[in-house]
Amino acid sequence: MTTQQKPLKPLPTPSRENKPFWDGLKQHEFRLQLCKACGSYRWLPKPACPNCLSEDTEWVKASGEGTLWTYSTVYRAGPAFADDIPFITAIVELKEKPLKCLVLSWLVNCKLEDVYVGMPVKVAFEAIPNEDITLYKFVPA
Ligand SMILES: [Zn+2]
């Protein structure tokens with residue numbers, strides 16, 4: 001009899017640029033970069049604002065609330081995610097404005113038949129046991 005080890009899910013490796021985001025998740029804060037010149041938020045950290053090209057940026061705690069902008073139901077995935085099938089990958093439009101701020105995530109704690117574009121969602125935090133990392137997912141609000 002052989003015992004087959006289940007593949008582990010990949011975990012993020014924080015970089016200098018996105019460390020404030022991952023540090024925030026550990027404190028149950030969903031952080032975004034805020035452009036101090038034009039006031040737009042961005043989820044993926046960038047050295048300059050895609051809207052006005054300013055490099056004057058600060059990290060701020062965001063609401064973690066938004067609506068489902070679009071989604072996809074995943075029925076096939078690699079071995080590490082086999083137990084999760086089917087699952088929903090989601091793009092969430094955060095409340096933060098003036099410009100649309102979109103976040104890629106999972107949508108969990110929700111039946112597939114209950115999912116719809118525009119549904120209110122909020123962020124949830126998942127500390128990974130024995131790892132120095134906390135992940136985020138979205139759940140129905
Ligand atoms: Zn800007």
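Two exposed residues, Lys19 and Lys26, sit on the face of helix H1 that is turned away from its buried side. This is a predicted model. Now turn to the other side of H1. Its buried residues are Phe21, Gly24 and Leu25. These three lie on the same side of H1, because they cover an arc of only 100° around the axis. What covers them? The cover over the buried residues of H1 includes strands E1, E3, E7 and E8. Strand E3 spans residues 57-61.

Step back to the whole chain. How many helices and strands does the protein chain have? There is 1 helix, and there are 8 strands. Along the sequence the order reads α-β-β-β-β-β-β-β-β. The C-alpha atoms fill a box of roughly 65 × 35 × 25 Å, taken along the principal axes. The protein chain has 141 residues, and 20% of them count as buried. Next, look at contacts between residues at least 6 apart in sequence. Of these, 50% join residues at least 24 apart.

Now go inside. In soluble globular proteins, nonpolar side chains tend to be buried together. Here the largest nonpolar core has 18 residues. Which residues have the most contacts inside this core? They are Leu68, Ala90, Val92, Leu107 and Phe138. Several strands contribute to the core: E1, E4, E5, E6 and E7 each supply at least two of its residues. Strand E1 covers residues 31-35.

Ala90 is then in contact with Leu68, Tyr71, Ser105, Trp106, Leu107 and Phe138.

Next come the loops, and some backbone details. Most residues other than glycine have a negative phi, and most peptide bonds are trans. One runs from Ile85 to Pro86, with omega near -10°. Pro86 is in the loop between strand E4 (65-74) and strand E5 (87-94). The other joins Lys97 and Pro98, with omega about 20°. Where is Pro98? Pro98 lies in the loop between E5 and strand E6 (102-107).

Two asparagines have a positive phi. For Asn109, phi is near 60°. Asn109 lies in the loop between E6 and strand E7 (120-127). Is Asn109 buried or exposed? Asn109 counts as exposed, because it has 9 C-beta neighbours inside 10 Å, and a residue with 12 or fewer is exposed. For Asn130, phi is near 65°. Asn130 is found in the next loop to visit, between E7 and strand E8 (134-140). Asn130 is exposed too, because 5 other C-beta atoms lie within 10 Å.

Finish ahead of the helix. Arg16 is in the segment before H1, which spans residues 19-26. Arg16 counts as exposed, because it has 7 C-beta neighbours inside 10 Å. How are Arg16 and Glu93 placed? They are 77 residues apart along the chain, and their C-alpha atoms are separated by 25 Å.

Conventions. Residues are numbered from 1 along each chain as its sequence is written. This is a predicted model: local features need pLDDT of at least 70, side-chain atom pairs count only at pLDDT 80 or more; totals for chains, interfaces and linings use all residues. Helices (H or I, at least four residues) and strands (E, at least two) are DSSP runs, numbered from the N terminus. Two residues are in contact if their C-beta atoms, placed from the backbone, lie within 7 Å. A nonpolar core is a set of buried Ala, Val, Leu, Ile, Met, Phe, Trp, Tyr and Cys residues joined through C-beta atoms within 7 Å. The arc is that of the directions from the helix axis to the C-beta atoms. Lists of a residue's contacts leave out its neighbours within four places in sequence.
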